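Biologist: I'd like to learn how to read a fold like this one. Could you walk me through it?

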Amino acid sequence: MTGIWKNWMTVWAWGVVAFGALLMTGAFPGVDGLVRDVLVLFGNLPDGGTILEDRAMRFAVGLMGAVTMGWGLTIAFLLPAISAAGPSGWRALTLALAIWYVVDGLISVTTGFAANAVSNTALAIAYVIPVLGSGVLRTS
């Protein structure tokens with residue numbers, strides 16, 4: 001992957017890191033305002049985001065942020081190795097993302113956070129565009 005597609009994928013990976021950082025703020029009272037807004041939006045919560053008053057939820061959201069940051073950083077730093085591996089590297093990453101998409105989407109919908117599945121779809125599309133546009137999945 002080269003050129004605009006490589007740049008797009010790099011920005012995409014760092015966007016995942018940034019979203020993880022946002023989620024991570026849910027663990028810390030006083031800096032969790034924006035993540036409360038995201039939870040209200042994604043979960044259609046009428047209570048104004050008081051969900052983070054529960055210690056277990058604060059832990060879960062903060063930890064999910066750390067995991068999401070790690071996921072984004074892993075992809076960002078491994079992009080050269082994935083590209084060097086050729087189609088098999090891109091197929092492996094695409095499979096991993098497809099599994100995440102299905103599992104995360106099912107959890108989102110069944111727990112009442114269907115808007116998260118919508119944002120996941122936007123993230124998946126933003127991944128698929130450079131992968132298909134660059135032709136990295138094609139074998140020679």
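This is a predicted model: local features need pLDDT of at least 70, side-chain atom pairs count only at pLDDT 80 or more; totals for chains, interfaces and linings use all residues.

Biologist: How should I read the packing of two helices?

Modeller: Two packed helices are described by the angle between their axes and the distance between those axes. Here, the axes of H3 and H4 come within 7 Å and cross at roughly 150°. Angles over 145 degrees count as roughly antiparallel, so H3 is roughly antiparallel to H4.

Biologist: Which residues make that contact?

Modeller: H3 brings Trp71, Ile75, Leu79, Ile82, Ser83 and Ala85, while H4 brings Pro87, Ser88, Gly89, Trp90, Leu93, Leu97 and Trp100. By class, that is ten nonpolar, three polar and no charged residues.

Biologist: What about the nonpolar cores?

Modeller: In soluble globular proteins, nonpolar side chains tend to be buried together. In this model the largest nonpolar core has 16 residues, and those with the most contacts inside it are Met9, Trp12, Trp90, Leu93, Tyr127 and Val131. Helices H1 (3-24), H3 (55-85), H4 (87-110) and H5 (114-134) each give two or more residues to this core. Apart from it lies another core, of nine residues, including Leu23, Val38, Leu45 and Leu52.

Biologist: Beyond its sequence neighbours within four places, what does Trp90 contact?

Modeller: Trp90 is in contact with Met1, Met9, Leu79, Ile82, Ser83, Tyr127, Val131, Val136 and Leu137.

Definitions and conventions: Residues are numbered from 1 along each chain as its sequence is written. Side-chain values use heavy atoms; hydrogens and water are left out. A nonpolar core is a set of buried Ala, Val, Leu, Ile, Met, Phe, Trp, Tyr and Cys residues joined through side-chain atoms within 4.5 Å. Buried means under 20% relative accessible area, exposed over 50%, partly exposed in between (1.4 Å probe, protein chains only). Helices (H or I, at least four residues) and strands (E, at least two) are DSSP runs, numbered from the N terminus. Contact means heavy atoms within 4.5 Å. Axes are lines fitted to C-alpha atoms, for helices over the stretch in contact, and angles run from 0 to 180 degrees between N-to-C directions. Angles under 35 degrees count as roughly parallel, over 145 as roughly antiparallel, 65 to 115 as roughly perpendicular and the rest as oblique. Ala, Val, Leu, Ile, Met, Phe, Trp, Tyr, Cys and Pro count as nonpolar, Asp, Glu, Lys and Arg as charged, and the others, Gly among them, as polar.
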